[in-house]
Amino acid sequence: MRVKQLLLSLIALVGFTAPSSLLAHKGPGADRPATAAEQQQIDFRDACDNAVAQIDMEINNVRARLTTGGDVWWDGNDGRYIVPKPPPGVPEVSSIFAGAVWLGGRDPGGGLKVAAQDYGRSGGNFDYYPGPLTDDGTTSKDTCARWDRFFNVKGQDIRDVRAAFEEIRDTPGATLDPSDIPTDILGWPATGNDYFFEVHGFELPNTTQGLAGFWDENGDGIYDPTTGDYPIIEIRGCGETPQFPEEMTFWIYNDAGNTHRQSNTPLQIQMEVQVQAFAYTTSDDINSMTFQRYKLINRATEDIFDTYFAMWVDPDLGCYTDDYVGSDTTRSLAYVYNEDELDGATGCTCPQGVNTYCDEIPILGVDYFRGPIAPIFNAEGVQIGEEELGMSSFIYINNGGVGDPDPQTTDPSTAEEYYSYLQGRWRDGSPLWNIGSGFDQSGAEETPYAFPAAPNDPSGWSMVTAELPFGDRRTLQASGPFTLRPGAVNELIIGVVWVPDQTYPNPSIQRLQQADDLAQDLFDACFDLLEGPDAPDVDVVELDREIVLLFSNSRSSNNFEEAYQEEGFGVPPGEDSLYRFEGYRIFQFSGPDVDLAEIDNPERVREIAQYDLENGVTKIFDWNEPLEEDNPLDPNVPFLVPSLRATGSDNGLRHSFRITSDAFASGDDTRLINHRRYYFTVLAYGYNNYKEYDPYDLADPGQRKQYIPSSRNIGDVQAGTPYYQVIPRPILDRTLMAAYGDGASVTRVAGMGNNGNFLDMTEATREEMEAAFAAGDIAYPEVTYQRGAAPIDVFVANPLEVVDGEYEITFFDENMQDQILNDTVKWMLRCLDADCNAPTILSERTIDTRNEQIIPEFGFSVSIGDVPEPGEETGEEENNGAIGATISYADETQDPWLTFLPDGLNLTIPNVSVVFQTQLFNYVTRGPTKITRRKTRSRSTMTSSRAFTRTS
């Protein structure tokens, strides 16, 4: 158990004062019993029990604990906001200890109403209780007990249901079978759901303010998943753009179920709070973010004046004794960073054995996206409008047991002290000053925001320039004051942003700001995430000191048949606004604690392979603001610089990859080691460049974001990791008859072309042809090629599954009545063995683009792509389409009968120009300056109609 509050508590049983370090999270006054009047009121209403349910949301790089009692991110003893999320058995480090929503205001008689939560869970003391309220602001013990639970839904389940509904949409009266709908969607707690009782065993309340958000397909106001309805993120103003995340959790709590034992407030607000917490899997900083939307429904029957809403956070960045905090007021962002370059009280060691980030210290921020709606009144007190409030104050609170802070800056224990903090003031109501610690600073100016300067700003007010001693700080971001009307529905929306391994001490927060801008953009777009092509499904083949990755795209993928396309943002009308699939990237991680947000850190992530379409797209750039240390200009002058996001090689698509080397190995021997764990992942990416970016074109500068990577299906989804953990090992249960990449024996039955390959026939075929020519036979026999030197690439992809047999590949187009194959040429493969019992397999793509197609049924791949004739694309390659040639001699000791002219040969023939001599002996290239000594086989467009292969 962590020590968060050092308080004295008398243990009467043994008659001594317990050491304060043993009482971890009990808030001041947490053991106060209810008064007689309060208890009578509670007994009359059948008081609710404390909340006990907990769940982890861990779809991405974060494992965040959620609870039903108004507090989040801890389990009652320890911080449980784990990021990065390690696999089981690896030590966890938490970046937040706890968090909760605080509320406060005054009734018409001036009575103070406060509902808050901090560390009361550890002692069983709550202000909030599970479940909804009735329209008159009451609840019951049974209701609270039934709702002490979570409702969790996965994005993939929503996609599956949507796809199933699309198949029947055009059939009048057709509906989905409830038994085919996942339980999480069938039992979603949305208004009018007739299946809720069947799934959960109790009825939904019927209130005008609604319940969990859903897309209403037919607009009848009733949730019915059989008619196409599905769960969505409910955000005010976003009804026309329904969105759902990769994981979403919904629950309800209230402050009217029992006595307020945390804040010691006799008056209840009668607030119902509906929460949806959600997250996304991506390959950027969003993968390390979580979001929470609080829908606050005032069930009171009278106004609450001077109301404040706030988000309280205890951000322990690993070790809790050396944290600094600050605020970015332009972004409504509170953040926590480390005091020095090592996370720990002594070196990397923290009291009570708390795990630390040691010398790889992140920065975490909490963005206050949206606050409450405040009514606007005229001089006569009549409401004439409303406005949305942002973060009106930011203040910090000290743990009184760490360091030696002034008592008036420590945790509150009464309703008045909670309310003072909600107003952006200290416990005693004194103002926050803009210098030093912000408390009791004579001669300074009053301010609503603590520490608004960045840690690396030597002239601004931050904890660094204030030179504050070590301590354990909490933060409070508040909105108010405003009048809360009966029945009012408000939102409080936050996002937690995290960036890894920053430079300390006095770090720049620009990297955090860039991540937060990404989060803000996502919020501004109603959480319409530009997803990018789904990462492929990856099958791992573990072999002796090598790994083979085989990737494919299922029908549920948005990149099925590699046909991904998605509308981009901000593209002018009339321009090409679609991102399209472009290629794959393969990465190795240095360990299990790495995330793809660290893709630009070669100490942690290294790209080991890349394959892309043969379409002329190579280097792909985004235009971004530079980091401060990379800015050669005045940091106050904004400008953008190109950032290289992907380097395509135009080498055609592959769907298998053999790994034999460790990208992080040192020394001469970099081969994989058997029985050692390695970590790899595969991304897909899309591309759009409707106009090359021009910063000087103010009207339409062009495409700032050309690159869009995968955001879904990244890594091992079943294990919940952004990578695949692989272990090379010798195969002991069978004898392998082939290795990855082994070519098949190929015989050309008919056709012509070479697929861009160096061709070489077998000796038997050569002898057969020579005999035919000597006999004057003009017939062309079937040609069998040496392995790996055939007009088509057929090679072993999975040595564990390769099937020996005889196979036929036939090329076809839309018109098989003529002797010409046009640009829509595809191929089909069938097994010729009598006992094969396998269907004919068609190519996924036409041969105008090179593509490796894995045939999992037989364990081999087919890679075919049409190629231009030599000379058709001048300058395409150094050899202008030539592939190569070899000459062998029966007696290598004799002088060869034929040699070629070396490049750059000058015969110095009198009165004959060098240009003429070059042209005379230039057998390969068209240009006047190229001489080669290689006689080559040329590339020609493939027009083969049939070929067959046999593996051994």
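Trainee: Is C358 buried, partly exposed or exposed?
Mentor: Look at the relative accessible area: under 20% is buried, over 50% is exposed, and in between is partly exposed, with a 1.4 Å probe and protein chains only. C358 has 27% relative accessibility, so C358 counts as partly exposed. C348 comes out at 28%, so C348 is partly exposed too. Keep in mind that this is a predicted model: local features need pLDDT of at least 70 and side-chain atom pairs pLDDT 80 or more, while totals for chains, interfaces and linings use all residues. Residues are numbered from 1 along each chain as its sequence is written, and side-chain values use heavy atoms, with hydrogens and water left out.

Trainee: What do C348 and C358 form, and how far apart are their sulfur atoms?
Mentor: They form a disulfide (a pair of cysteine sulfur atoms within 2.5 Å), with the sulfurs 2.1 Å apart. C348 and C358 both sit in the loop between β19 and β20, 10 residues apart. Strands here are DSSP E runs of at least two residues and helices are H or I runs of at least four, numbered from the N terminus. The torsion about this S-S bond is about 70°, so the disulfide is right-handed.

Trainee: How many disulfides does the whole structure have?
Mentor: A search finds five. If you count bonded cysteines along the chain, the pattern is 1-2, 3-8, 4-6, 5-7, 9-10.

Trainee: How do I read a pair of aromatic rings?
Mentor: You describe it by the distance of the centres and the angle of the planes. Phe, Tyr and Trp rings (for Trp, the six-membered one) pair if their centres lie within 6.5 Å; planes under 30 degrees apart are stacked, over 60 edge-to-face, the rest tilted. The whole structure holds 44 aromatic pairs. Take W147 and F196: the centres are 6.1 Å apart and the planes at 20°, so this pair is stacked. W147 is in the loop between α2 (141–146) and β11 (151–154), while F196 belongs to helix α5 (residues 196–200), so the pair joins parts 49 residues apart in sequence. F196 also pairs with F202, centres 5.2 Å apart and planes at 85°, so that pair is edge-to-face. F196 and F202 are both buried, and W147 is buried as well.

Trainee: What is the strand order in the open sheet of three strands?
Mentor: The order is β26-β27-β33, paired antiparallel; two strands pair if DSSP finds at least two bridges between them. β26 (537–543) and β33 (656–659) are at the edges with a single partner strand each, so one side of each has no neighbour in the sheet. Between β26 and β27 (residues 546–552) there are seven bridges, and V541 stands opposite V548 in β27.
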